[in-house]
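Here are my notes on the model you asked me to look over. Have the structure open while you read, and follow the points in order.

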Amino acid sequence: MATVTAVSAARDRTDVLIIGAGPAGLSLGLSLRGLGLAVTLVDRQGEAGLADPAYDGREIALSLRSVEILQQIGAWAHIADDEIAPLKSANVINGRSTAALHFDPTAVGEDALGCFVSNHVIRRALYAEQTASGEAALMTDATVVGLSLGAEGGVVTLADGREIEAGLVVGADTRFSAARRMAGIAASQHDFAKTMIVTKAQFQHPHDHVAWECFLPGGALAVLPLNDGQASIVQTFAPAEATRQMGLAIGDYLQAASHRLKHRFGRLTSLSERFAYPLVGVYANEFARPGFALVGDAAVGMHPVTAHGFNLGVQGQAILVDHIRRALKRGRGPADARALGAYERDHRRLSAGMYWSTLAIAELYARESLPAKLARRLLLDAGRRLPTARRLIVKTLTQPLAAH
Ligand SMILES: Cc1cc2nc3c(=O)[nH]c(=O)nc-3n(C[C@H](O)[C@H](O)[C@H](O)COP(=O)(O)OP(=O)(O)OC[C@H]3O[C@@H](n4cnc5c(N)ncnc54)[C@H](O)[C@@H]3O)c2cc1C
C-alpha cells in the first residue's frame, strides 16, 4: 500500500518533485530544506525497504567533500562511529608486479583519503533525517510511469493513475532512469561486459586501513578495509566467469581470492553473501531541460573502479541546490532557466573528466592485449615517478567543497 509521510497525504501540486528516494534523491530533499519550497519525494520501494535497507555489499568510499555535505544536511549524525571505517592510504598494483603505486593523504596534509560507509547505512541515515525533519512529503510504493514537461514545469503520473504537478521535476531514479528517457534526454551508455562481485570477509592479518586495487590477469581485485579487521573483497570478471564464481562455495571463493592476494592477509572468513553487479556506465547528454533536472546516477552512472558514483551524486545535488538558492534570492522560482543552465555547466565541469577518464582506465585495465599491458605498465611507472600527479589525485579526494 502506498504511504505518504509528513506534509500532506494527497498533494497534487508541489514546487519540487524528486523521482527516486535513493542516496541522491534523499540528499537533494534534505539540501532543499529551509528554502520555503514544497518538496515531494516519490519512490517505487516500500517504506520498510527505504527506512531500513538490507545490506547490499556496497562499501562506499566517501571523499572528505561528501562527508562535509552529509554533515551539512544532517545525515552524518545518524551514522555511528563504528560504522565509519577510515581509509588511510591506497595501493595500486599492476599484474604480478610487486611495486605498488601509493596514494598517501599526508602528501596534501591530511591524515586519511576518506572513509568507507556501507551503502545501506548511508541510505538509512538519509532516510532517518528526512523523516525526522518532516519537511518534505515522501510517497512510497509509488512508481512513476509518465512525465510531461512544459513551460510551467511538469506533470508526473504514478502507476496507480495519480498525477502530481511540479514547478521542477528531478530525476534521481538510477542509471537506467525512466525519468531521463521520458524527458527525452539521450545518454551515452557503455556496457563494460563485466560483472563485479562484492562480499565481506574477516581477515586473519591486519590491513591497516589501506585499500588495495590489484589489476590482475583474469580480472581486477580490490580490498576495501573496514573496521575490526574486516574488509570488502571486490572482484571483476567477464560475465560467464562471474556466473561460475557465484556458483562456487563461499569458502572456495574466498580461498581463491586469498591466493590471488598472495595470502597477504592470511585466511579470509566469510561475513556476508556475495552480490553481483553488471557494470554499465551512463552519462546523460543533458542534465537539465526546462522544468527538469537529473541528479545522481540518472545524470552520471560511474564505473565503481574510481569510487566516485555516490560522491559525484551528492556533490551534484549540492551544486543544483546552490543555484536554486541563488535564483530564489533573486525572486525567481526553483526551475529558473539560468539556475538550471548553471547547474548543467558546473556539474558537467565536475563530472565529465572524471567519467571519461574512469571509462578509459576501466577499459584499459580490463584488456589482456599486449598494447594494453604495456600502456598499463607505462601509466603506473609514470605515476610512481610523478609525485605531483599523485598529489593531485589525492587532493581531488580530500579537498573541501569547492565554491562556485
Ligand atoms: C559495487 C558498487 C560499489 C560502489 N562503490 C562506490 C564507492 O565506493 N563510492 C561511490 O561514490 N560510489 C560507489 N558506487 C556508486 C553508488 O552506489 C551509486 O552512485 C549511488 O547508489 C547512486 O544513488 P542514486 O540515488 O543516484 O540511485 P539509486 O541508489 O539507484 O536510487 C534510485 C532510487 O530511485 C527509485 N526509482 C527508480 N525508478 C523509479 C520510478 N520509476 N519511480 C519511482 N522510484 C523509482 C529506486 O527505487 C531507488 O530508490 C558503487 C556502486 C556499486 C554497484
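Predicted model: local features only at pLDDT ≥ 70, side-chain atom pairs only at ≥ 80, totals over all residues.

1. The protein chain has 404 residues, and 52% of them count as buried. Its secondary structure comes to 11 helices and 21 strands. The chain exposes about 17200 Å², with carbon and sulfur atoms supplying 55% of that area.

2. How far apart in sequence are the residues that touch? If you take contacts between residues at least 6 apart, 75% of them join residues at least 24 apart.

3. On to the inside. In soluble globular proteins, nonpolar side chains tend to be buried together. Here the largest nonpolar core has 96 residues, and Ile18, Leu32, Leu62, Leu70, Trp76 and Val117 have the most contacts inside it. Helix H8 (residues 309-329) gives the largest share of this core, with eight residues. Apart from this core lies another one of 20 residues, including Phe203, Trp212, Ala242 and Leu254.

4. Leaving aside residues up to four places away in sequence, Leu32 touches Val16, Ile18, Leu37, Val39, Val321 and Ile324. Of these, Val321 and Ile324 fall within the residue range of H8.

5. Now the ligand, which has 29 residues around it; Asp43, Arg58, Ala61, Asp297 and Phe310 come nearest. Arg58 has a side-chain N or O atom 2.6 Å from an oxygen atom of the ligand. For Ala61, a polar backbone atom is 2.8 Å from a ligand oxygen. Arg123 also takes part, with a polar side-chain atom 3.1 Å from an oxygen atom of the ligand. How much of the ligand does the protein bury? On its own the ligand exposes 1000 Å², and the protein buries 93% of that. Helix H1 (23-31), strand E4 (59-63) and H8 each give two or more residues to the shell around the ligand.

6. Helix H3 (residues 64-72) has these buried residues: Arg65, Ser66, Val67, Ile69 and Leu70. Leu70 is also one of the residues with the most contacts in the largest core. After H3 comes Gly74, whose phi is positive, near 90°.

7. Strand E16 (residues 230-237) is mostly covered, with seven of its eight residues buried. E16 runs antiparallel to strand E13 (residues 187-203), and eight bridges join the two. In that pairing, Met196 has Thr236 of E16 as its bridge partner. E16 is also antiparallel to strand E15 (residues 219-225), through five bridges, and Leu221 stands opposite Gln235 in E16. The hairpin of E15 and E16 has four residues between the strands, and Asp228 takes a positive phi there, near 55°.

8. Two other backbone angles deserve a look. Ala193 has a phi near 50°, a positive value in a residue other than glycine, and this alanine is found in strand E13. His209 also has a positive phi, near 60°, and is found in the loop between E13 and strand E14 (210-216).

9. Are those two residues buried or exposed? Ala193 has a relative accessible area of 44%, so it is partly exposed. His209 is at 15% relative accessibility and therefore counts as buried, the cut-off being under 20%.

How values were computed. Residues numbered from 1 in each chain as written. Heavy atoms only, no water. Core = buried A, V, L, I, M, F, W, Y, C linked by side-chain atoms within 4.5 Å. Buried < 20%, exposed > 50% of the residue type's maximum accessible area, 1.4 Å probe, protein only. Contact = heavy atoms within 4.5 Å. Pairing = 2+ DSSP bridges. Near = heavy atom within 4 Å. Polar contact = N/O pair within 3.5 Å; in protein donor to acceptor, adjacent residues only side chain to side chain. Areas by Shrake-Rupley, 256 points an atom, 1.4 Å probe, with all protein chains shown as cover.
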